[in-house]
Amino acid sequence: MKRLEDKVCIITGAALGIGRACAMRMAQEGARIAIFDVLDDAGATLADELRVLGADAGYWHVDVSREADVARAIDAVAARFGAVHVLVNNAGIAGASKPTHELTEAEWDRVQAVNVKGVFFCTKHAIPHLRRAGRASIVNLSSIYGLVGAPDVPPYHAAKGAVRLMSKTDALLYAADGIRVNSVHPGYIRTPMVEHHLRESGATDLEAAIVEVGRLHPLGHMGEADDIAWGVVYLASDEAKFVTGAELVIDGGYTA
Ligand code: NAI
């Protein structure tokens, strides 16, 4: 028996990076995968790859900051697969790398819309299905920057702190329904988001910047998307059946 045998798992932002690694690992563990993203080519290609590997998978175009999109897609997933057992709230954006006094309201709002409201909308509309499923799991991607500060991207840090406490509140609200809710706190993971952020922050030699940022972690390097995917598999699975309201820190020792 695989660890996620026949569980229907929605993963937001699954077309690239950490979400994509989660989709691959969860499919290997027997899950049926619903990919939510705004990158249609990458999302549809991933669904094809998962089907070639023998997994049941589908792609839905969903901007998580739009409640109507989210509601429609979650109902479509439930209709297609017959249930929803796991929601991985992974979609996120870093936003502009600027100090607080230079940020515009629009820049602030966009980060909150995707990283905070997106988690709210997906959770809100998944709850009725997760309740019906029983023994369900929500995994929210926060960050080391939901635990400690850093002198860059203020709206991102605010959002990741919010996600951390939304996870604890929802863990308490829905424990009696058999829905576990936990947050994951990655250190720097080499993904398109991090590469884009380093370039935006002025890095001219990307490989050198990756090494330099990697050194901020006591283990001496950045993590890989798979390092996070294994944690998400654990929290989604029944191996974590007594784990709720917890913070799983996967950061190479950054916050130790
Ligand atoms: P990424 O930028 O490489 O991938 C994010 C995915 O989310 C993309 O496929 C993108 O199209 C999708 N997405 C963006 N906005 C969306 C929206 N409005 N609706 C639906 N999908 C949307 O990012 P990465 O690095 O894989 O990050 C995944 C999550 O992990 C994010 O929540 C991020 O904040 C968090 N995280 C990442 C860390 C890192 O070092 N890469 C560290 C800590 C947390």
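In this predicted model, the largest pocket has a volume of about 1000 Å³. Its lining comprises 41 residues, and those nearest the centre of the pocket are Ala91, Gly92, Ile93, Ala94 and Met193. Several elements give two or more residues each to this lining, namely H1, E2, H4, helix H5 (154-174) and helix H6 (192-200). Among the contributors, H6 gives the most, with six residues. Sorted by class, the lining of the largest pocket holds 22 nonpolar, 13 polar and six charged residues. Both domain 1 (8-187 + 224-250) and domain 2 (189-222) take part, each supplying at least three residues to the lining.

Seven strands make up an open sheet with parallel pairing, and their order is E3-E2-E1-E4-E5-E6-E7. At the edges stand strand E3 (57-61) and strand E7 (247-250), each of which pairs on one side only. From one strand to the next, the twist averages 15 degrees.

Within this sheet, strand E4 (residues 86-89) pairs with strand E5 (residues 136-141) in the parallel sense, over four bridges. Here Val88 is placed opposite Val139 in E5.

Helices also pack on the sheet. Helix H1 (residues 17-28) touches strand E1 (8-12), strand E2 (32-37), E4 and E5, and the direction of H1 makes about 165 degrees with that of E1. Helix H4 (residues 105-133) packs on the sheet as well, touching E1, E4, E5 and strand E6 (179-186). The direction of H4 makes about 175 degrees with that of E4.

Technical notes. Residues are numbered from 1 along each chain as its sequence is written. This is a predicted model: local features need pLDDT of at least 70, side-chain atom pairs count only at pLDDT 80 or more; totals for chains, interfaces and linings use all residues. Side-chain values use heavy atoms; hydrogens and water are left out. Two strands pair if DSSP finds at least two bridges between them. Axes are lines fitted to C-alpha atoms, for helices over the stretch in contact, and angles run from 0 to 180 degrees between N-to-C directions. Contact means heavy atoms within 4.5 Å. On a 1 Å grid over the protein atoms alone, a cavity is a set of points where a 1.4 Å probe fits but cannot get out, and a pocket is an open set with protein on both sides within 12 Å along at least five of seven lines; lining residues have an atom within 4 Å of a point. Grid points are joined across faces, edges and corners, and a volume is the space filled by probe spheres set on the points. Ala, Val, Leu, Ile, Met, Phe, Trp, Tyr, Cys and Pro count as nonpolar, Asp, Glu, Lys and Arg as charged, and the others, Gly among them, as polar. Domain bounds come from an automatic or database domain assignment.
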